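Please open the model in your viewer and keep the selection panel at hand.

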Amino acid sequence: MEWLDALILGIVQGLSEYLPISSSGHLEIFREILGIDLPSDNILQFDLIVHAATVCSTIVILWPMFSKLCKSFFTFKRDADFYYVCKILLSCIPIGIVGVCFKDQVESFFGNGLTLLGICLCITACLLAFAYFTDHKADGATVKANKGRDITWLDAIIIGCAQAVAVLPGLSRSGTTIATGILIGDRRDKVASFSFLMVIIPILGEALLDLKDMITAPAGEVAAISPWVLLIGFVSSFVVGCCACRWMLDLVKKGKLIWFAVYCVIMGVICILW
């Protein structure tokens, strides 16, 4: 992988992690376009780095909220912020089970061509469209962003299950979790922030699992990508991710997800027919 490839893929990850168009799916599409043919271990290594960059983007953009939540949780204040973090932890249980028990099966879905990816993009489009029309009144007027309830314990579990299903390439994690939250009646502004914060723990957990595999692998079995290439991917993903995160929070509040549904179905059909 060359530095330009890493730059392009980092930009793609930074945008698609927050926009409901599937980051894993678009990374796979652009690897096909750029003609990048890497072993699965290298693909996962690079993807892990750029996903970690977008986690950092989330923390930077949501820092006032993130720092307040951490302070409340780690000092056991037992206030609303403490229980909010508990809901985030609860939502991570489904994907944690998938990651620990079915890691190899999940990874087998990646790099198997664009057909499955295209189908999952079309499913993402359906979810976004369904959430959009559910969130609008019969006369077409947009429901206000603050209409709906705050995220409950049951909502956290349901959204967590949606995140676990979204490990499939082409099924947007942010799109699936945000659409699910809207469909079950949560406030759009609340579910967007919850969706972006709940991914932090799974990515850190994935990093630990991959690090364990790399440490325990026989010497020379895991071929490392150049640190320079990884750095370019990380920086580009982080910078673009900061912009995309802020943009997406605003788009969700305004209820303008339908255009992403149109985009996903077009890209999905192209992938299926590729």
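**Charged pairs and a nonpolar surface**

Begin with Arg31, which counts as buried at 4% relative accessibility. The model on display is a predicted one, and the values quoted along the way are computed from it.

Asp47 forms a salt bridge with Arg31, with 3.1 Å between the closest N and O atoms. The two residues belong to distant parts of the chain: Asp47 sits in helix 3 (residues 40-61) and Arg31 in helix 2, 16 residues apart. Asp47 is buried as well, because its relative accessible area of 9% falls under the 20% limit for that class.

Now include Glu28. Glu28, Arg31 and Asp47 are linked in a network of salt bridges. How many salt bridges does the structure hold? There are seven, and two further examples follow.

Select Glu17 and Arg173. Their side chains meet in a salt bridge, at 3.6 Å from N to O. Glu17 lies in the loop between helix 1 (3-16) and helix 2 (23-34), whereas Arg173 lies in helix 10 (residues 173-183), so this pair ties together parts that are 156 residues apart in sequence. Are these two residues buried or exposed? Both Glu17 and Arg173 are buried.

Move on to Lys68 and Asp81, whose side chains meet in a salt bridge of 3.1 Å, N to O. Here the link runs between Lys68 in helix 4 (residues 63-74) and Asp81 in helix 5 (residues 80-91), 13 residues apart. Lys68 is partly exposed, with a relative accessible area of 45%. Asp81, by contrast, counts as buried at 18% relative accessibility.

Leave the charged pairs and turn to the surface. Select Ile33, Ile119, Ile123, Trp259, Val262, Val265, Ile266, Val269, Ile270, Ile272, Leu273 and Trp274; they form a nonpolar patch with about 1200 Å² of accessible area together. Helix 8 (115-134) and helix 14 (258-273) each supply at least two residues of the patch. Which helix provides the largest share? That share, eight residues, comes from helix 14.

Finish at Trp259, which lies in helix 14. Trp259 counts as exposed because its relative accessibility of 62% is over the 50% limit for that class. The tour thus ends at an exposed residue of the nonpolar patch, having started from the buried Arg31.

Methods: Residues numbered from 1 in each chain as written. Predicted model: local features only at pLDDT ≥ 70, side-chain atom pairs only at ≥ 80, totals over all residues. Heavy atoms only, no water. Salt bridge = Lys/Arg side-chain N within 4 Å of Asp/Glu carboxyl O. Helix = DSSP H or I, 4+ residues; strand = E, 2+ residues; numbered from the N terminus. Buried < 20%, exposed > 50% of the residue type's maximum accessible area, 1.4 Å probe, protein only. Patch = residues over 30% accessible without salt bridge, like charges linked within 9 Å, V, L, I, M, F, W, Y side chains within 5 Å. Areas by Shrake-Rupley, 256 points an atom, 1.4 Å probe, with all protein chains shown as cover.
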